[in-house]
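Here are my notes on the model, point by point. Please keep the structure open while you read.

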Amino acid sequence: MADINIQNATLRITAGLPSQFPTQAVPQVALSGRSNVGKSSLINTLLNRKSLARVSSSPGKTITINFYDIDRKLFLVDMPGYGYAKRTPQEKERWSRLTDGYFTDNKNIDLLKLVVQLIDSRVGPTKDDEMMLNYLISMGIPYIVVATKIDKLNKTERAKSLASLAAHPLIGAETLIIPFSALKNEGRQELWRAILSHVQ
Ligand SMILES: Nc1nc2c(ncn2[C@@H]2O[C@H](COP(=O)(O)OP(=O)(O)OP(=O)(O)O)[C@@H](O)[C@H]2O)c(=O)[nH]1
Ligand SMILES: [Mg+2]
């Protein structure tokens with residue numbers, strides 16, 4: 001991976017407030033998606049780790065933004081998942097304040113180089129996913145789409161899922177869509193290439 005030592009990865013900051021965001025001049029790549037879509041699993045896959053990022057059996061529990069420091073050269077930013085039905089109105093409010101804070105109340109927003117938008121390949125874009133895509137487009141933030149849990153689909157379903165993502169009105173023809181499986185390690189190299197091409 002170029003000259004980034006992915007062995008040298010730690011959870012540096014767990015931020016519940018914008019004041020806790022890192023101040024280091026290091027590029028950031030954020031992972032966005034609904035709760036349970038596979039964000040933490042994707043981080044572990046990228047870093048060849050079993051459980052650096054906690055994979056949740058109880059989705060949507062923690063509302064923090066987690067900054068993984070990769071060799072002091074890159075922050076992978078695990079955004080809190082959205083769309084978790086059992087959240088209280090107060091928890092939803094916290095989610096909005098923190099997420100919105102990351103994009104709008106963040107002195108280092110220019111360090112955000114890419115958003116990796118995760119979409120469950122079995123479900124396709126939900127209303128919340130569409131809201132997020134709209135938001136990214138309106139903010140002019142570069143993004144790519146990762147179709148998660150692709151191992152759960154057979155060949156026909158997979159082709160259908162990827163085609164419908166590519167045809168989605170909020171996913172431009174030039175947008176990269178990466179089929180991904182944390183279980184099978186599929187898409188890992190392609191995702192690293194995309195990430196590095198945006199941070200270097
Ligand atoms: N089959 C399969 N299961 C996956 C894959 N990625 C994640 N999962 C499972 O999906 C569930 C949720 O995964 P997480 O990585 O915790 O999802 P998350 O987006 O971080 O969830 P929150 O942190 O709650 O928002 C877990 O049971 C994972 O084992 C995948 O590629 N294939
Ligand atoms: Mg997670």
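1. Start with Val-55. This is a predicted model, and in it Val-55 is partly exposed, with 15 other C-beta atoms within 10 Å. That count falls in between the two cut-offs, because buried needs 20 or more and exposed needs 12 or fewer. Val-55 sits in the loop between α1 and β3.

2. What does Val-55 touch, leaving aside its neighbours within four places in sequence? Its contacts are Ser-40 and Ser-41. Gly-38 is 17 residues from Val-55 along the chain, and their C-alpha atoms are separated by 8.0 Å.

3. Those names come back at the ligand.

4. Next, look at α2, residues 89–104. This helix has 16 residues and reaches 22 Å from first C-alpha to last, close to the 22 Å expected at 1.5 Å a residue. Its buried residues are Trp-95, Leu-98 and Tyr-102. Viewed down the axis of α2, they fall within an arc of 80°, so they line one face of the helix.

5. Which element do the buried residues of α2 pack against? They pack against β3 (65–70). The face of α2 turned away from the buried side carries exposed residues: Pro-89, Gln-90, Glu-93, Ser-96 and Thr-104.

6. Now the core. The largest nonpolar core has 41 residues. Leu-31, Leu-42, Leu-76, Val-77 and Val-146 have the most contacts inside it. Strand β5 (residues 112–120) gives the most to this core, with 5 residues.

7. Take Val-77 from that list. Leaving aside neighbours within four places in sequence, Val-77 is in contact with Gln-28, Val-29, Ala-30 and Leu-31, and also with Ile-65 and Phe-67.

8. Two backbone angles deserve a look. Asp-71 is not a glycine, yet has a positive phi of about 55°. Asp-71 lies in the loop between β3 and β4 (74–78). Lys-149, also not a glycine, has a positive phi of about 55°. Lys-149 lies in the loop between β6 (143–148) and α4 (155–166).

9. Are these two residues buried, exposed or partly exposed? Asp-71 is partly exposed, with 15 other C-beta atoms within 10 Å. Lys-149 is buried, with 21 such atoms within 10 Å.

Terms used: Residues numbered from 1 in each chain as written. Chains lettered and ligands numbered in written order. Predicted model: local features only at pLDDT ≥ 70, side-chain atom pairs only at ≥ 80, totals over all residues. Helix = DSSP H or I, 4+ residues; strand = E, 2+ residues; numbered from the N terminus. Expected span 1.5 Å × (residues − 1). Arc of directions from axis to C-beta. Contact = placed C-beta atoms within 7 Å. Core = buried A, V, L, I, M, F, W, Y, C linked by C-beta atoms within 7 Å.
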